[in-house]
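Please look over the structure shown below before reading on.

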Amino acid sequence: MFGVIFGNIRHEGAQHPRCRFPERFYFLKKELGIVEESLPPVRCPLYDEWREKVRIESVSLIFASFYINNPASLFGHTFLKWNRQGSRGDDELLDFGLNFAANATTDNAILYGIYGVFGGFPGVYTLFPYYFKVNEYNDWENRDIWEYPLNLNQEEIERMVRHSWELGSTHFNYYYFDENCSYQILTLLEVARPSLNLSDYYILSVQPLDTVKVAVRQNKLLREKPRLRLSAFGRLRSRIEKLSEKERKLYFKLYPTYSLPPEDIPLESRIALIDTLMDDYFFRYYGEKEIDPAKKKNYEILLKERSRLKIKRENQEPEEGEDPSLGHDSTTWRLSYLYHSQVQGFDVLFRPALRELVDPPFGYSPYAAISMFALNLRFFPTERIYPYFEKLILAEVFSLSPMRAYYLKPSWGLLFSLESLQRRYQEDKFHDKVAFVGQLGAGASYGEKPFTLFLLPVIRSELSAAIAHFWDPSVGVLAGILARIATRLSFLWQLSSRYYFRAKEKIFLEFLSQVNLALQRNLALEASYHRAVARLKSPMLFQEEILFSLKIYR
């Protein structure tokens, strides 16, 4: 305490403790009733210069949506935006972003995962111009950015700013699942408003989207409705969807060369087409060094013509239901009655993160599924009192990208899991035998609402001491239909076929039918039918099961 107030203990050339820890000095001065004028004067040139630049009027919580192509951003990312005094409109790009992230010290994927899980990376706070993150997330990675304005008063904002200065000279061990970017941002909000208990809400893991929910929905920290900054692709898609049929045909004719729309069409249509073509060019060529000179020249002509028209570009407003904070919570408990090959039992699934394709889509991408460390156990009381192990999903990602006339992107999926071999071989001796499974597939999907069809060729490997040659590779096809019949009602029909190169029974078929009915935001009913065929020739060997489930998202 005395070191903070009087600076008796400090290293030569270092900042005075009152300069290095301004919030602690302010706290002690207030709590102990110390008059600052009675203390020896202290100059803090670095801190004073920083505070002169950092004049904050308000604070927003930022959520950058899920980015499936980067494991570190699989669940999204949260950070704080410090809004400068008088900042409005496009000026907000010059506001400040306050971020907590791991300072990765390796590019090795295996070490990256180990260090991330067990706190091997130092986590540091950084302050940067907001446009840095807009460029990174919106433009490079094509992620939507949601801004949640917080109702912090000026005293709370000043407390946060002072404490943030203190954090700049230290680091915290970064843990991917709990003490991560989201957890540290919550603790910073608790400093600003000590009556909050945001970080106490989490026990096992802290996920970026859930921190938005607990801060905004449960603690009523939202000052006004959230604002969406669409990604480059989101802006393009939104504009194309708003074009009339005639305008859309003209766009498809113009976008390969980015030629100027004809002048003999209505002004409103011409502006809409120019805006769409500009967004198209930006989406496809942002950051590219080698661009067709003719396209580049035509784009410059589009910019000049759009500037001449002097009509403000229309912002793309989000549709109702897209706000990520409206979605179900990330952790899932599924409790099921199970009818399995004429035997009745119970099935329990615990999934810390995140969702299946058939889960309610509110606030999430309806075409993406992510599961991490999902444990599935089964109980058959008439057979034994302890459970059967069914599956442990270590990591599963499934990303559908419906084909569009203006943009083609592959759909893909990967799976790493531990699975019971009983379903594959359908013999009792395999009940407690487990295989490590790795599967990768890539293909195409088509259609959006209400039906999305997908087809993915897959390669798969199963490793287990219970398998004759230890390793059993296979190739196959995964096909299905995802249907959003109504707002709260989803269906999934899926067929999987695999050919095993080293097994006695070469062909394995699986059919899955699921239906999910959302009752509330965090509660759903689900039913599924599953049929697995392990032998096609006579006598056919297959299993059938039906599950009636209650899903609780917490």
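This is a predicted model: local features need pLDDT of at least 70, side-chain atom pairs count only at pLDDT 80 or more; totals for chains, interfaces and linings use all residues.

The side chains of Glu155 and Arg159 meet in a salt bridge, 3.2 Å from N to O, and both residues lie in helix 7 (residues 154–167), four residues apart, which is about one turn of the helix. An α-helix has 3.6 residues a turn, so residues three or four places apart point the same way.

## Salt bridges between strands

A search of the whole structure finds 51 salt bridges. One of them joins the side chains of Glu545 and Arg378 (2.8 Å, N to O), linking distant parts of the chain, with Glu545 in strand 20 and Arg378 in strand 11, 167 residues apart; both Glu545 and Arg378 are buried.

## The disulfide

The structure holds one disulfide, which joins Cys19 to Cys44 with an S to S distance of 1.9 Å. Cys19 lies in helix 2 and Cys44 in the loop between helix 3 and helix 4, 25 residues apart, and both Cys19 and Cys44 are buried. The torsion about the S-S bond of Cys19 and Cys44 is about -75°, so the disulfide is left-handed.

## Helix 12

Helix 12 (residues 267–285) reaches 27 Å from its first C-alpha to its last. Of its 19 residues, 14 are buried, so helix 12 is largely enclosed by the rest of the structure. Helix 12 is followed by Gly287, whose phi is positive, near 80°.

Note on methods
Residues are numbered from 1 along each chain as its sequence is written. Side-chain values use heavy atoms; hydrogens and water are left out. Helices (H or I, at least four residues) and strands (E, at least two) are DSSP runs, numbered from the N terminus. The expected span of a helix is 1.5 Å times one less than its number of residues. Buried means under 20% relative accessible area, exposed over 50%, partly exposed in between (1.4 Å probe, protein chains only). A disulfide is a pair of cysteine sulfur atoms within 2.5 Å. A salt bridge is a side-chain nitrogen of Lys or Arg within 4 Å of a carboxyl oxygen of Asp or Glu.
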